[in-house]
Amino acid sequence: MIEKMQEISLFSRMIIHRATKEYEIPAQHLDLLSQLITHEEGLTPMCLSKIMGVNKTIISRVIDSLNQGGYVVKTKDPRDKRSYFVSITELGREKVDKIYEYYFELMSCIEKANQKMSQNE
């Protein structure tokens with residue numbers, strides 16, 4: 001059972017990787033955008049770093065890249081001028097929606113093919 005779960009996980013990562021290539025966004029960028037969607041309020045880079053298990057320096061680079069692309073916005077923390085919150089924009093949500101739509105379409109096709117194979121056995 002664990003082997004099958006690992007295979008499914010690997011397969012899902014491969015599909016997401018393929019989708020991110022097609023939609024020209026690195027997987028780490030998609031992960032960060034997905035985290036922002038699941039956490040309604042803005043998150044700090046330090047919080048994102050902990051959630052994603054990635055170095056804060058890398059997170060800062062990803063945020064800057066996404067900010068330049070218009071996928072996220074930075075908002076200064078009124079209590080701490082050195083810190084800021086990151087929030088996803090509508091453009092960022094649209095990008096994530098397109099990628100996951102592609103992913104679920106592929107998964108649906110695979111499901112249908114799997115059902116047909118099961119019926120033919």
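## Asp80 and the salt bridges

Asp80 has a relative accessibility of 25% and therefore counts as partly exposed. In this predicted model, Asp80 forms a salt bridge with Arg82, their closest N and O atoms lying 3.2 Å apart, and Arg82 itself is exposed, with a relative accessible area of 75%. Side chains of opposite charge can pair when their charged atoms come close.

The whole structure holds 3 salt bridges. Another of them joins Asp64 to Lys74, with 2.7 Å between the closest N and O atoms; this pair links distant parts of the chain, since Asp64 belongs to helix H4 (residues 56-68) and Lys74 to strand S1 (residues 72-77), 10 residues apart. Asp64 is partly exposed at 33% relative accessibility, and Lys74 is likewise partly exposed, at 36%. A salt bridge also brings together the side chains of Asp77 and Arg79, at 3.8 Å from N to O; here Asp77 is buried, with a relative accessible area of 8%, whereas Arg79 is exposed, with 73%.

## Overall architecture

The protein contains 5 helices and 2 strands, and from the N terminus on its elements follow the order α-α-α-α-β-β-α. Of its 121 residues, 32% are buried, while the protein exposes about 8600 Å², of which carbon and sulfur atoms supply 54%. Among the contacts between residues at least 6 apart in sequence, 51% join residues at least 24 apart.

Pro45 is buried, with a relative accessible area of 6%, and Ser49 counts as buried at 11% relative accessibility.

When residues up to four places away in sequence are not counted, Pro45 touches Lys56, Ile59, Ile63 and Tyr84. The C-alpha atoms of Pro45 and Lys56 are separated by 6.6 Å, although the two residues stand 11 residues apart along the chain. Ser49, with its neighbours within four places in sequence left aside, is in contact with Val54, Asn55, Lys56 and Ile59.

## A negative patch on the surface

Glu90, Glu94, Asp97, Glu101 and Glu105 form a negative surface patch. One of these residues, Glu101, is found in helix H5 (residues 90-120). Glu101 has a relative accessible area of 52%, so this residue is classed as exposed, the cut-off for that class being over 50%.

Notes:
Residues numbered from 1 in each chain as written. Predicted model: local features only at pLDDT ≥ 70, side-chain atom pairs only at ≥ 80, totals over all residues. Heavy atoms only, no water. Patch = residues over 30% accessible without salt bridge, like charges linked within 9 Å, V, L, I, M, F, W, Y side chains within 5 Å. Areas by Shrake-Rupley, 256 points an atom, 1.4 Å probe, with all protein chains shown as cover. Salt bridge = Lys/Arg side-chain N within 4 Å of Asp/Glu carboxyl O. Lys, Arg positive; Asp, Glu negative; His and termini not counted. Charge placed at Lys NZ, Arg CZ, Asp CG, Glu CD. Helix = DSSP H or I, 4+ residues; strand = E, 2+ residues; numbered from the N terminus. Buried < 20%, exposed > 50% of the residue type's maximum accessible area, 1.4 Å probe, protein only. Contact = heavy atoms within 4.5 Å.
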